[in-house]
Amino acid sequence: MASCTALSSSIVEYFQGDGFYRCGYCKNESGSRSNGMWAHSMTVQDYQDLIDRGWRRSGKYVYKPVMNETCCPQYTIRCRPLQFQPSKSHKKVLKKMLKFLAKGEISKGNCEGEPMEPLMEDTVAGDIALINKLDVQCGLRKLGDNLKESLEREEKKGKSAKKAESRELIQSQDKRVKLGSGEPAHSVAVPTAPKPGKGADLSKPPCRKAKEIRKERKRLKLMQQNPAGEREGLQAQQEPPPLFPPEAKSNQPKALEDLLFGSLPENASHKLEVRLVRSSPPSSQFKATMLESYQVYKRYQMVIHNQPPDKPTISQFTRFLCSSPLEAETPPNGPDCGYGSFHQQYWLDDKIIAVGVIDILPYCVSSVYLYYDPDYSFLSLGVYSALREIAFTKQLHEKTPQLSYYYMGFYIHSCPKMKYKGHYRPSDLLCPETYVWVPIEQCLPALENSKYCRFNQDPKAEENEDLFLNAESLELSRAHHAVLSVLNITVQTLFEIRLLSCGFRKLKCSSMLECIEHAVNRGHLRFKWQ
């Protein structure tokens with residue numbers, strides 16, 4: 001299947017899930033189910049459309065959970081950075097980082113509740129055999145083999161990849177960067193992550209501070225004693241100000257950027273830089289730092305995920321975290337770095353301590369994965385990197401206004417370790433039936449009662465035909481009409497059949513017309529009506 005565009009195309013092979021397999025979240029040996037497709041190439045707009053329908057990529061494999069059947073329904077979640085305000089726990093992480101950079105202070109122990117994604121392999125556990133097969137068929141091992149050879153040469157020559165200076169420096173800790181919002185930032189109460197049996201109910205408003213309650217009680221008491229002259233009495237007696245005094249600039253909550261890029265002394269103990277390098281196709285900066293990045297990934301897998309020393313191979317690393325089907329695009333109205341797949345490298349004192357894998361798409365920054373050096377777990381790099389990526393999204397929005405969301409992957413309410421994503425507010429979950437975005441606060445009560453939920457409360461609402469046609473529910477005459485429309489080019493085809501290994505011959509079609517009709521009837525072909 002391919003996207004019909006003037007400059008580029010998307011070519012994918014679709015594979016319908018035929019059974020259940022081991023879940024990477026709850027570890028159920030036969031509870032997870034998804035459909036997937038191998039993306040040979042894909043435009044960023046096509047992938048944007050897909051993730052807005054509940055799909056997600058792992059390397060070049062793009063998959064979608066069968067939501068009403070899988071053991072752990074995975075809801076696409078997005079944060080709204082333009083209105084984001086860090087919570088108290090977020091601020092603690094940012095202050096901890098600034099103290100470490102300024103004075104070298106190290107917090108005792110690791111941060112409780114540090115978010116941790118499952119292994120990339122675990123997220124597509126049931127499709128590993130298929131991915132391995134396609135990897136060989138499509139010659140995609142070449143990238144891993146070439147990288148392996150180049151890395152071995154680098155090791156033999158004794159070159160130090162960490163000395164390579166990246167020209168793609170996007171953010172630096174020692175230089176404050178102005179990140180515009182484009183919209184007024186609203187103060188949003190974000191409760192901290194509760195532990196089982198503790199903490200606030202996320203579906204309820206946050207509790208008021210005891211000090212504020214005492215002030216309110218005193219104010220009410222004074223009103224009862226002298227209701228007519230309340231204002232004059234308060235001013236004459238110089239009583240404490242009312243509960244909601246006139247807004248003062250000093251009392252406003254600090255913006256995320258102020259907390260992230262707080263000024264450091266000239267003799268700061270450490271220097272932190274965040275560099276953006278294009279991973280697909282790999283830039284020269286990406287290649288120069290590949291060895292060091294891989295070594296960080298290997299240590300992360302061994303220490304955090306208890307993998308054996310021989311498990312995190314270079315091939316696995318390139319397959320899941322470097323290979324991407326997304327085509328690099330640099331339109332004039334897009335961000336300066338362009339669209340596509342990137343690595344955000346966190347450099348501490350000239351060495352990589354963490355890497356965030358991200359996709360920059362027309363309407364969002366999509367977080368793919370994060371790995372870090374376990375020696376720096378005390379810095380809560382999972383939380384810190386998410387906050388950096390939110391701020392980065394706001395920076396891109398300044399040049400590209402339509403790019404205004406931060407996609408955090410999947411929110412899994414039934415998995416305690418994955419619920420942390422719900423604490424980045426305001427955020428929305430994608431309704432699995434009508435594909436509309438619903439504020440997470442409205443979704444949580446329903447998720448407490450059932451793993452699988454339809455969030456759109458309108459019983460008559462159906463998925464938007466302007467975006468997709470659900471061909472499986474169409475009558476045959478409608479399907480024929482769609483086929484004829486394609487052949488007459490009266491509709492804009494977003495995906496069309498290509499004669500791939502799963503295409504023309506496998507379907508045993510006698511003509512291209514029959515092949516397209518078959519795809520329409522099975523829902524493998526989607527259209528955008530003019």
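Predicted model: local features only at pLDDT ≥ 70, side-chain atom pairs only at ≥ 80, totals over all residues.
**First stop: colour by confidence**

Start by colouring the protein by pLDDT. The average is 74, and 59% of the residues score at least 70. Now select residues 1-7, where the pLDDT is below 50; beyond near neighbours in sequence, this stretch has 25 contacts in the model. Then select residues 464-510. Here, too, pLDDT stays under 50, and the model has 104 contacts beyond four places in sequence for this segment.

**Second stop: K64**

Next, select strand β4, residues 61-65, and pick out K64 within it. Is K64 buried or exposed? Its relative accessible area is 19%, and because buried means under 20%, K64 counts as buried. To see the surroundings, display S34, N35, R53, G54, W55 and Y435, which K64 touches when residues up to four places away in sequence are left out.

Move on to helix α11, residues 314-322. With 8 of its 9 residues buried, this helix is largely enclosed by the rest of the structure. The buried ones to highlight are I314, Q316, F317, T318, R319, F320, L321 and C322.

For the contact itself, show M290, S293, Y294 and Y297 on the α10 side, with I314, F317, T318, L321 and C322 on the α11 side. Colour these by class and you will find 7 nonpolar residues, 2 polar ones and no charged ones.

**Last stop: α2 against α12**

Finally, select helix α2 (residues 88-103) together with helix α12 (residues 381-399). Their axes lie 10 Å apart and the packing angle is about 100°. How are α2 and α12 oriented to each other, roughly parallel or roughly perpendicular? Angles from 65 to 115 degrees count as roughly perpendicular, so that is the description for this pair. From α2, display H90, V93, L94 and M97; from α12, display L381, V383, Y384 and L387, and you have the residues that make the contact. By class, the contact has 7 nonpolar residues, 1 polar residue and no charged residues.

Definitions and conventions
Residues numbered from 1 in each chain as written. Heavy atoms only, no water. pLDDT = per-residue confidence, 0-100. Contact = heavy atoms within 4.5 Å. Helix = DSSP H or I, 4+ residues; strand = E, 2+ residues; numbered from the N terminus. Buried < 20%, exposed > 50% of the residue type's maximum accessible area, 1.4 Å probe, protein only. Nonpolar A, V, L, I, M, F, W, Y, C, P; charged D, E, K, R; others polar. Axes fitted to C-alpha atoms, helices over the stretch in contact; angles between N-to-C directions. Parallel < 35°, antiparallel > 145°, perpendicular 65-115°, else oblique.
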